[in-house]
Amino acid sequence: MTTMTIGVDLHKRESQLCLLAADGTATERRIVTSRERFTAVLGPVPTARVLLEASTESEWVARHLESLGHTVIVADPNYAPMYATRTRRVKTDKRDARALAEACKLGAYRPAHRLSEARRHVRAELAVRDALVRTRTRYIALAKALVRRDGLRVPGSESERVAQRIAALALSPALATELAPLFTVLAPLNAEIAAADHRLTAQTATDPVVALLATAPGIGPVTASALVATIDDITRFHSAHQLEAYLGVVPGERSSGEQRRVGRITKAGNARTRWLLVEAAWRILRSRGTETAALRAWTLAIATRRGKRIAIVALARRLAGIVYAMWRDGVPYTPTKIRMPRPRGAAPTA
């Protein structure tokens with residue numbers, strides 16, 4: 001290989017570079033993580049192959065280096081062979097950058113999937129909405145705790161109506177003064193969450209994949225948008241099990257020899273999407289529609305043997321498999337394709 005390979009160990013403030021020439025000569029530089037410094041250092045370098053780990057900063061760095069004419073590979077940091085040349089006893093940024101440069105030269109890396117610009121925007125929208133919802137949840141929990149302290153109870157209602165429910169109670173002047181700051185910030189929070197929901201709902205009209213996945217039970221515009229923004233391209237998964245593993249809803253396993261140990265789910269991948277899948281499973285279990293009857297019966301059969309929490313996770317895993325089949329085949333959810341569970345001990349039908 002005559003092309004120079006470059007390993008970039010990215011960090012928030014400073015990054016370590018290792019420029020590995022074809023003859024094995026290595027040049028190491030430590031620079032500020034900024035577009036200006038990358039341009040100054042790597043701009044004059046002839047076209048090279050650059051390897052860096054997937055991280056928060058990796059996408060903008062990769063795009064900037066590509067604009068300088070380099071070929072950039074964003075690699076999966078969990079791929080162990082990428083660091084095979086680095087000793088485990090000593091870890092420094094210089095050694096990491098050198099290991100990345102050598103992995104790039106040897107091809108010992110696994111490319112990470114890079115989201116499209118549109119999917120990255122939806123993912124950011126979901127992250128902002130999630131932060132707003134969590135903030136509102138904390139404020140509502142605090143408001144309800146203050147009300148209970150005075151012996152009052154807040155009637156059940158949707159989150160955006162809690163402030164109105166509390167205001168209708170016989171609050172003491174002191175309690176009303178304590179709650180006033182919370183009520184002041186809850187109103188704009190509710191407005192911003194509603195606006196975010198409106199933007200995500202509009203995705204179903206512009207994105208056919210989001211509209212397709214939203215036909216599945218328990219999956220609304222927010223969950224469908226999160227799935228599409230996380231998966232991006234269904235063809236990169238060869239089976240439903242691969243997608244389930246990518247979303248972290250498959251059991252972990254530590255087996256050796258004759259001993260097989262299967263534990264809790266791996267929780268790999270995007271935590272927000274996995275949480276939304278579990279919430280969708282809870283909505284299915286609590287529903288009463290005929291289109292979810294087979295899924296509910298299947299889940300309850302597992303709950304009888306293993307408990308409801310394990311059954312819900314199993315339903316989330318099955319829902320991920322259903323999403324895979326819908327997206328792969330381009331067909332909406334069809335309840336008749338979901339079979340009712342066979343009673344234990346019953347012989348299979350011919």
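I started with the surface: the protein chain of this predicted model exposes about 19700 Å², and carbon and sulfur atoms supply 53% of it. Accessible areas here come from the Shrake-Rupley method with a 1.4 Å probe, and for residues only the protein chains shown count as cover.

Ground rules, noted once. Residues are numbered from 1 along each chain as its sequence is written, and side-chain values use heavy atoms, with hydrogens and water left out. Local features need pLDDT of at least 70 and side-chain atom pairs count only at pLDDT 80 or more, while totals for chains, interfaces and linings use all residues.

**Burial.** I looked up how much is tucked away: of the 350 residues, 38% count as buried. Buried means under 20% relative accessible area, exposed means over 50%, and partly exposed is in between (1.4 Å probe, protein chains only).

**Overall form.** I got 26 Å for the radius of gyration of the protein chain, whereas a compact globule of 350 residues would have one near 20 Å. The radius is taken over C-alpha atoms, and the globule rule is 2.2 Å times the number of residues to the power 0.38. The C-alpha trace spans about 75 × 70 × 45 Å along its principal axes.

**Helices and strands.** I noted 12 helices and seven strands. These are DSSP runs numbered from the N terminus (helices: H or I, at least four residues; strands: E, at least two).

**Aromatic pairs.** I found two aromatic pairs. Rings of Phe, Tyr and Trp (its six-membered ring) pair if their centres lie within 6.5 Å; planes under 30 degrees apart count as stacked, over 60 as edge-to-face and the rest as tilted. One of the pairs is Phe38 with Trp60: the ring centres are 6.3 Å apart and the planes sit at 75 degrees, so I wrote down edge-to-face. Phe38 is in helix 1 (residues 35-42) and Trp60 in helix 2 (residues 58-67), so the pair ties together parts that are 22 residues apart in sequence. Phe38 is buried at 0% relative accessibility, while Trp60 is partly exposed at 23%.

Lys267 has phi near 55 degrees. I placed Lys267 in the loop between strand 7 (262-265) and helix 10 (271-286), and at 56% relative accessibility Lys267 counts as exposed.
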